[in-house]
Amino acid sequence: MVDGFPILSIIIFLPLVGASVVLITPGADDVSSENIKSLAVITTCFTFIFSLSVLFWFDISNAGYQFVETVAWAGSGIQYKVGVDGISILFLILTTFIVPIAVVSGWKTIRHRMREYIFAILVLETTFLGLLCAVDLVLFFVFLAGAIFPLYYLIGIWGKGNAEAASTKLISFLSVSAASLLIVIVLLYSDAGTTDLVELKAHSLSHTTTTYGWPLLFLAFCLLAPIWPFHRWFVDAVASAPTSCSILLSSLVMNVAGYGFLRVALPLFPQGAIEFEGILVGLSAITMIVSVLAALVEKDIKRLIAYMCVAHMGLIILSIFTATQTGVLAALLHMVSFSLVATGLFLSAGLLEERVSSTDLKAFGGLTVRMPLFAFAFLIAILAAIGVPGTSGFVAQFSALVAVYNANGGIIVFVAVLLFLSALIGIRLYKTVFLGPLEKEGFKDVADLNTREKYALFPILALIIFAGIFPNSVWSIAQTAVLDLTERPVSRDYSPQTFAVPGDGSQAVKSGP
Amino acid sequence: MINQGTILGSALPEIILLVGVVALFAFGLFAKRVAYSAVTGMSMGLLLIAAVAVVGFSGEGTHAAFYSSFIVDDFSRMLKALLLCVCVIMILFADAHMRLADHEDFRTPISIILGALGMMIMISSHNLLSLFIGVELTTISLCWMIYSSHGSAKAAVSGKHYVRLSMLSSAFLFAGILLFYFSTSALNYEVIHWTLTQSDGLTTPVLIGSMFIVAALSFKLCSVPFHGGVLDVAKGFPTYVSAHLLTAPVIASICVLARLATGPFETISSGLEQTFLILCLLSLLVGSLAIFSASNIKEFFGYTAITHVGFLLLGLASGSDAGISATIGYLVVYAIMMIGTFACVMATQRDGMPVYELSEYAGLSQVRPVLAALFAVLLLSHAGLPWFAGFFAKIYIFIAAIGSGHIITVLLVSLAAVISIHGPIRIIKSLYFDKPSQRYSPVSPDLFYVMFGSGLFVFTYIVFAGLVQNVTRAATMSLL
């Protein structure tokens, strides 16, 4: 790639340009709404292609940030600085891959105010891409908090059921999360005089910053993740959101939390993970068990999938905070895999909702007869969620299990319960919807997947299988960056190291066995 | 010692305004039929000429006149220019209102100019007496404006209430000045500062005197617990009165407080800091909670303004140059946001009549999409959501406050800020989520330009946030 070509800025802001064009597209009839939809698909697909070009020129042996662009921006050392490393490029491509699918998912169900709908989704894509590429914390925050309002807007206007309450809940939780993150950033800034992640990583933080910073940061990402007891907003939002928004929430917002832990929490507060180990493990375990039990008794498909997402997020957080190379790599694969699975499952839920306008489990049964292709596609997604070999879910869950076991043997019991119960839930879900006799009157003439739905669903399934057979393709991209991340003092399973307590040079703490 | 400048070289804008306002008043009295429209046009011209004089013809660097009681520096130039621009828009608002209400009174633009003159003197004051003159001139012109604006009968009571509170604030100010004079035998800021640094500084009369002065200015600032008068007036009187009361005096009072805090009060900064912090926390607490009880849009923005004043005071409480600079930046953003917001409020009309009830804004986005979008952008900026100017203003305040070690305060403030997000969100919800229930009149072009300019500023601030910060930093440096 030519040096100095602002490829990342183009990727970040291309959806925003598309959104502006959508805003000025004339007309308010069906033709213009078709045009807007095509425009959205073209924009998001081009963004995807551009992000692939980044992958093409990406140097996997380099642990630092690549394609870095720096522009002086908000004064006082706060810069517009973007770049990607092995971790962020994974999420970058995942995001650009999922957003076109999310756009297509609302093709038929969204009937009014198409212009605003597409506008919100494209703005949302810009914010997600921006925060994944941001190397400056203020920039990261601007994009992160910029995503809150489009989400609120999407759920509030196009949501179903109790959408107003759900959107209010979303904005309440996320604004608390954003505020605490902001305070952490300001603390870091007043301590180190910069918000550049690279420089912050090299700076040893003062005692005050770590005392206040780590709990606030932890709170911010737990609210976002969502970790029990903060998971209700997520389930409510996902359940009442339109399909596209459910996809974005479950795959991208959750990833953002995991990404935030990897990008900000681990490198800047290595002490925190150790000091908070008990709380972390406890909260993650409770999250896993509580949400998987909730999923077990849930009657609504979308809520059920949402609870599954939360449960697996518990496992992801657990494996991230083993702070080992295996753990982080497993978490990365798990995030990628579960994003794909959640996208596939929510897309399927949306398809079902389109056909019967209900997401209640009782409304379904025996659909295999009428929709064999769809049943097959759904089966693959469910198998990946359960973690059957051959799908990405298996490798992800197995490696997470290994990493968690190495770090903390006892907790494995909870993970085992999670995996067992989620298998049970997946099979039950599939059985209720697709197996048994086709009794319901409304299903007698229901159609199988049409071309649009095939185009949306099959690439996800292909990727799920691909990542299941070649997990190394994901790992090799991230490996160098993860090694760089985990080689910092926190690594506990390799070599015992000594490191200084930040802000107190005299004292040294021994870690490791 | 400050360089002495000539009277004409330092106070040219004020002299232009003074001569102009007298001439305009005489013209208005004699030119019967054309009086209103001519005076309105010429008033705006006069204010713009004064703004040009402030920027271009008030000398270089820092210098003083009138025996050091009047100072001109980069800080005063920047904020006077801002103030004059705000006043021009206020005349525009008054004009829009009065043409609609068919109550054309040429005295209103004149009262706004007089107020601008008073506030310019406040910004430039370098002597407690010139401060008093400025404050009094401002108070008188504001009261005049309120009385000549013909609010509702119920509002007339709150008008009287405001006038009484203004008198109380003048008494406070006078008491504070007296206490300072008795303990330091001086009125000039520089001399007070010198005297206080010679003695041990923190004597009881000085401390109480400074409290009195801060309290007097808090009436103009509408910070809690001195917010009652302004809020009552904001609710009952025409929109331009509310807009004027919530912007121009706030700018002037913050400037005075900044100048006092960096000058004569520097030696008692610890006591002053506590006062600012208490006022800040009270304002944020009341502003962010009471906003939920507001059903009238002007009352709503009154409480929003109180929340913003809390942030401004937090910036001042930080005391550092970063704090003052952040406060000035916040002031610029605040003024422009408020102008745009009130333009939106004035432009939302049903059958030619402005609507004030929050419930009447339902579904505006379906009927007037551009107006609703600008309104939403401004509201999001009020809420401090990123991308918009309000966020950047707040983050610099936070940086300054944490830099001065007020971590717990910042935690409380951000909690209040999080709560207060729901206020603007509530309006956006009714703008966008609800079904339109009524017909909205088209937006008049002059109001549209104001709100568009303001919305554009708020929206694109993300690009030039650094530039604004450089300007405010330069202004701060001239103050120290």
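**Notes on rings, charges and a helix pair**

1. Let's start with B:Phe452, which is partly exposed, with a relative accessible area of 38%. Keep in mind that we're looking at a predicted model. B:Phe448 is partly exposed too, at 27%. Both residues sit in helix H19 (residues 445-479) of chain B, and because they are four residues apart, about one helical turn separates them.

2. Now for the rings in general. Over all chains, the structure holds 54 aromatic pairs. Take B:Phe180 and B:Phe265: this pair is stacked, with 5.2 Å from centre to centre and 15° between the planes. The two partners come from distant parts of the chain, 85 residues apart: B:Phe180 belongs to helix H6 (residues 153-184) of chain B, while B:Phe265 is in the loop between helix H10 (239-262) and helix H11 (269-290) of chain B. Are these two buried or exposed? B:Phe180 is buried, with a relative accessible area of 0%, and B:Phe265 counts as buried at 2%. Back to our opening residues: the ring centres of B:Phe448 and B:Phe452 are 5.7 Å apart and their planes meet at 20°, so this pair is stacked as well.

3. B:Lys298 lies over the face of B:Tyr356, 4.0 Å from the ring centre. Likewise, B:Lys394 has its charged end over the ring of B:Phe311, at 4.8 Å from the centre.

4. Next, two helices. In chain B, the axes of helix H12 (residues 297-318) and helix H15 (residues 369-383) come within 11 Å and cross at roughly 35°. Which residues make the contact? From H12(B) you'll find B:Ile297, B:Phe300, B:Phe301, B:Thr304 and B:His308; from H15(B), B:Phe375, B:Leu379 and B:His382. Five of the contact residues are nonpolar, three are polar and none is charged.

5. On to salt bridges. Side chains of opposite charge can pair when their charged atoms come close. A search of the whole structure turns up 22 salt bridges over all chains. One of them joins A:Lys81 to A:Asp196, with the closest N and O atoms 2.8 Å apart. A:Lys81 lies in strand S2 (residues 78-84) of chain A and A:Asp196 in the loop between helix H7 (163-192) and helix H8 (197-202), so the pair ties together parts that are 115 residues apart in sequence. Both A:Lys81 and A:Asp196 are buried.

6. A:Glu354 and A:Arg452 form a salt bridge as well, with their closest N and O atoms 3.3 Å apart. What does this pair tie together? A:Glu354 is in helix H15 (residues 325-356) of chain A and A:Arg452 in helix H19 (residues 451-469) of chain A, so parts 98 residues apart in sequence are tied together. A:Glu354 is partly exposed at 27%, whereas A:Arg452 is buried at 15%.

7. B:Arg99 is partly exposed at 47%, but B:Asp95 counts as buried at 10%.

Definitions and conventions. Residues are numbered from 1 along each chain as its sequence is written. Chains are lettered from A and ligands numbered from 1 in the order in which they are written. This is a predicted model: local features need pLDDT of at least 70, side-chain atom pairs count only at pLDDT 80 or more; totals for chains, interfaces and linings use all residues. Side-chain values use heavy atoms; hydrogens and water are left out. Rings of Phe, Tyr and Trp (its six-membered ring) pair if their centres lie within 6.5 Å; planes under 30 degrees apart count as stacked, over 60 as edge-to-face and the rest as tilted. Buried means under 20% relative accessible area, exposed over 50%, partly exposed in between (1.4 Å probe, protein chains only). A charge sits over a ring if NZ of Lys or CZ of Arg is within 6 Å of the ring centre and within 35 degrees of the ring normal. Axes are lines fitted to C-alpha atoms, for helices over the stretch in contact, and angles run from 0 to 180 degrees between N-to-C directions. Contact means heavy atoms within 4.5 Å. Ala, Val, Leu, Ile, Met, Phe, Trp, Tyr, Cys and Pro count as nonpolar, Asp, Glu, Lys and Arg as charged, and the others, Gly among them, as polar. A salt bridge is a side-chain nitrogen of Lys or Arg within 4 Å of a carboxyl oxygen of Asp or Glu.
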